[in-house]
Amino acid sequence: MEKTNYSGMTLNERLFAAGILDEFDAAIDEKSRERVVELLGAVEVDNPHGIANSLLGPAYECWFCGEGIEQNGRQALAIGLSDLWSDQCDEPPTQIIYAHFDCAQKRMEGSSMALEQDVLFPSVPDT
Ligand SMILES: [Zn+2]
């Protein structure tokens with residue numbers, strides 16, 4: 001199969017050339033971010049997640065893998081970061097980061113502590 005050269009083509013031209021324009025429009029209508037990103041990747045855009053965000057509105061993005069976080073997808077975390085020794089005890093300035101649970105679990109493994117899935121997602125039975 002000959003590889004299409006997408007350089008110099010607009011997004012719509014790329015999708016049309018690849019024969020997935022209708023599929024792409026349907027994915028947009030369904031707000032299926034994962035599918036949109038996949039189709040964008042198929043036509044070699046530079047930043048499929050960024051384009052998906054601009055088409056579908058801002059989404060939660062995983063701090064670790066950079067992929068979008070779907071509400072009904074993988075388990076996900078909001079992690080609040082603040083200065084432990086802040087003198088604003090009640091409400092210290094906080095940065096919230098979002099992450100897939102499994103990404104966070106992998107990347108935030110401590111020397112003697114671990115994320116507690118059973119505490120964070122109490123309805124999930126132990127495996
Ligand atoms: Zn992730």
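**Close-up views of a predicted model**

**View 1. Helix α3 and the largest pocket.** α3 gives the most to the lining of the largest pocket, three residues. Helices are DSSP runs of H or I with at least four residues, strands are runs of E with at least two, and both are numbered from the N terminus. This is a predicted model, in which local features need pLDDT of at least 70, side-chain atom pairs count only at pLDDT 80 or more, and totals for chains, interfaces and linings use all residues. Residues are numbered from 1 along each chain as its sequence is written, and side-chain values use heavy atoms, without hydrogens and water.

View 2. The pocket holds about 210 Å³ of space. A pocket is an open set of points on a 1 Å grid over the protein atoms alone, where a 1.4 Å probe fits, with protein on both sides within 12 Å along at least five of seven lines; lining residues have an atom within 4 Å of a point. Volume is the space filled by probe spheres set on the points, which are joined across faces, edges and corners. Among the lining residues are Arg33, Glu34, Val37, His49 and His100. α3 (33–42) and β2 (68–69) each supply at least two lining residues. Domain 1 (11–58) and domain 2 (69–120) both contribute to the lining, so the pocket lies between them. The domain bounds come from an automatic or database domain assignment.

**View 3. Aromatic pair of tyrosine 60 and tyrosine 98.** The whole structure has two aromatic pairs (ring centres of Phe, Tyr or the six-membered ring of Trp within 6.5 Å; planes under 30 degrees apart are stacked, over 60 edge-to-face, the rest tilted). The rings of tyrosine 60 and tyrosine 98 have centres 4.4 Å apart and planes at 50°, so this pair is tilted. Tyrosine 60 sits in strand β1 (residues 60–61) and tyrosine 98 in strand β4 (residues 94–100), 38 residues apart. Tyrosine 60 is partly exposed, at 47% relative accessible area. Tyrosine 98 is partly exposed too, at 29%. Buried means under 20% relative accessible area, exposed over 50%, and partly exposed in between (1.4 Å probe, protein chains only).

**View 4. Aromatic pair of phenylalanine 101 and phenylalanine 121.** This pair is edge-to-face, with 5.5 Å centre to centre and 85° between the planes. Phenylalanine 101 lies in helix α5 (residues 101–107) and phenylalanine 121 in the segment after α6 (117–120), so the pair ties together parts 20 residues apart in sequence. Both phenylalanines are buried.
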